[in-house]
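Here is a short briefing on one protein chain. Look through the sequence and the 3D view, then read the points below.

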Amino acid sequence: MTSVMGLLEEREAVARVRAEGLRAEAERIAAELDVAEAVLERRVIARAELAEALAAPAEAADAPVDDPREAAVTEVEAAPVAGSIVPRWHRGVTVQALAADYRRIVALVEGEPEAPPLIWTG
């Protein structure tokens, strides 16, 4: 015959297991919510940045700049565009074959007076 105390301990153990399972599920859902909110925030920022870029007058983007280093300071930094491809080199290809961001990078590198070599540590 089972004692009353034994029955209560058994029910307590079942309730404890259920509470621990729900707590673990709540932590998992909270972690998923954090990820989803971060994705949402990035998308909102991306949409706002795009709207701002599209609203900017075209003349300001096409204005010539004498010193490419000044351009890097005055222009808003843009994220790399997915799918920007560097074309395969062959005779006759000039810098103009590159995307605008890559042309700016080349201009900056060519404009540097005796810059020390870059060291890759990765």
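Over which residues does pLDDT stay under 50? The stretch is residues 72-79. pLDDT is the predictor's confidence in each residue, on a scale from 0 to 100. For residues 72-79, the model has two contacts beyond four places in sequence. A contact means heavy atoms within 4.5 Å.

This is a predicted model: local features need pLDDT of at least 70, side-chain atom pairs count only at pLDDT 80 or more, and totals for chains, interfaces and linings use all residues. Residues are numbered from 1 along each chain as its sequence is written, and side-chain values use heavy atoms, with hydrogens and water left out.

**Confidence**

- The chain has a mean pLDDT of 77.
- In the chain, 67% of the residues reach 70 or more.
- Confidence is highest in helix 1 (residues 4-55), with a mean of 92.
- Confidence is lowest in helix 3 (residues 68-74), with a mean of 48.

**Overall build**

- The chain holds four helices and zero strands.
- Helices (H or I, at least four residues) and strands (E, at least two) are DSSP runs, numbered from the N terminus.
- Read from the N terminus, the order of elements is α-α-α-α.

**Surface**

- The chain has 122 residues, and 2% of them count as buried.
- Buried means under 20% relative accessible area, exposed means over 50%, and partly exposed lies in between (1.4 Å probe, protein chains only).
- The accessible surface of the chain is about 11400 Å².
- Carbon and sulfur atoms account for 61% of that surface.
- Accessible areas come from the Shrake-Rupley method with a 1.4 Å probe; for residues, only the protein chains shown count as cover.

- The whole structure has two salt bridges.
- A salt bridge is a side-chain nitrogen of Lys or Arg within 4 Å of a carboxyl oxygen of Asp or Glu.
- One of them joins the side chains of E12 and R16, at 3.1 Å from N to O.
- E12 and R16 are four residues apart in helix 1, so about one helical turn separates them.
- E12 is partly exposed, at 42% relative accessibility.
- R16 is also partly exposed, with a relative accessible area of 45%.
- Another salt bridge joins the side chains of E32 and R28, at 2.6 Å from N to O.
- E32 and R28 are four residues apart in helix 1, so about one helical turn lies between them.
- E32 is partly exposed, with a relative accessible area of 47%.
- R28 is partly exposed, with a relative accessible area of 43%.

- Where does A97 sit? A97 is in the loop between helix 3 and helix 4 (100-111).
- A97 has a relative accessible area of 43%, so A97 counts as partly exposed.
- A97 and P87 are 10 residues apart in sequence, and their C-alpha atoms are 7.2 Å apart in space.
- A107 lies in helix 4.
- A107 is partly exposed, with a relative accessible area of 26%.
- A107 and V95 are 12 residues apart in sequence, and their C-alpha atoms are 9.3 Å apart in space.
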